[in-house]
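Keep the viewer open as you read along.

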Amino acid sequence: MKSQNTLKLIAACACIYWPVASFAQHSGHHGHTSTPAPSAYAGEQTRRIKALSASDITSLQAGAGMAYAKAAELNGYPGPAHVLELKTQLKLSEQQRTATEALMASHQAQARVLGSQLVEAERALDTAFASKTANTASVNALTQRIGAVQAQLRAEHLQTHLQQTSLLEPTQIASYQRLRGYSQ
């Protein structure tokens, strides 16, 4: 009985000691040092606007989708860019093609304006921090502006999918779903 109690005590001590020893080793205690892993952000500190990559900026200024309309696209609301890519397979009428091209042109123009506004709003936030002038009030105002522009941009993309869907027949929408790989 005494040896079983001794074994239990040893096991309990081991359960406490090894995690503590392991923590101490990895946190630099007891003479052991370890190099912390670099941040996932390492290298991004040299960006012109820290929160946006060069690719993000280019895409926003070009009016690219950037997955803003994914809720529409994946729930059966086609987008004009892909409808135009698939115009032959979808058997678009001349009227549908013309209307889709006009929708796409209008959408691209608006998405470019909003994308540029979002880049500028992010630049203003970055500048506030870079210049060490950021404070509670300015951060609240700047992030509210960013959020408002993001909402407008996303709504623009989603509304375009709604408008495109109204230009198509149900059979064309079903074909679009199949051609895009969303259904059988």
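Over which residues does pLDDT stay under 50? The stretch is residues 9-28, and for these residues the model has seven contacts beyond four places in sequence. Please keep in mind that this is a predicted model. For the chain as a whole, the mean pLDDT is 88, and 82% of the residues reach 70 or more.

**The cores**

Let us go inside next. The largest nonpolar core has 16 residues, and the members that touch the most other members are Leu52, Leu60, Leu118, Val119 and Leu153. Two or more residues each come from helix H2 (54-62), helix H6 (94-130) and helix H7 (136-166). H6 gives the largest share, seven residues. In general, nonpolar side chains in soluble globular proteins tend to be buried together.

Beyond its neighbours within four places in sequence, Leu52 is in contact with Arg47, Ile57, Leu60, Val119 and Glu122. There is also a second, separate core, made of seven residues, including Val83, Leu92, Ile173 and Tyr176.

**H6 against H7**

Two packed helices are described by the angle between their axes and the distance between the axes. For H6 and H7, the angle is about 165 degrees and the axes are 9 Å apart. Angles over 145 degrees count as roughly antiparallel, so H6 is roughly antiparallel to H7. Their crossing is left-handed.

H6 also carries Asp126. Is this residue buried or exposed? Asp126 is buried, because its relative accessible area is 15% and the cut-off for buried is under 20%. Not counting residues up to four places away in sequence, Asp126 touches Arg48, Ile49 and Lys50.

**Tyr68 and its surroundings**

Tyr68 sits in the loop between H2 and H3, yet Tyr68 is buried, with a relative accessible area of 15%. What does Tyr68 contact, leaving aside its neighbours within four places in sequence? The list is Leu60, Leu118, Gln150, Leu153, Arg154, His157 and Leu158. Leu60, Leu118 and Leu153 were met above, among the core residues that touch the most other members. Tyr68 and Leu153 are 85 residues apart in sequence, while their C-alpha atoms lie 7.8 Å apart in space.

**Helix H8**

Within H8 (residues 170-179), the buried residues are Gln172, Ile173, Ser175, Tyr176 and Gln177. Ile173 and Tyr176 also belong to the second core. Which elements cover the buried residues of H8? The cover includes H3, helix H4 (80-85), helix H5 (87-90), H6 and H7. After H8 comes Gly181, with a positive phi near 85 degrees.

Most residues other than glycine have a negative phi.

| Residue | Phi | Place | Relative accessible area |

Methods:
Residues numbered from 1 in each chain as written. Predicted model: local features only at pLDDT ≥ 70, side-chain atom pairs only at ≥ 80, totals over all residues. Heavy atoms only, no water. Core = buried A, V, L, I, M, F, W, Y, C linked by side-chain atoms within 4.5 Å. Buried < 20%, exposed > 50% of the residue type's maximum accessible area, 1.4 Å probe, protein only. Helix = DSSP H or I, 4+ residues; strand = E, 2+ residues; numbered from the N terminus. Contact = heavy atoms within 4.5 Å. pLDDT = per-residue confidence, 0-100. Axes fitted to C-alpha atoms, helices over the stretch in contact; angles between N-to-C directions. Parallel < 35°, antiparallel > 145°, perpendicular 65-115°, else oblique. Left-handed = near helix turned anticlockwise from the far one by under 90°.
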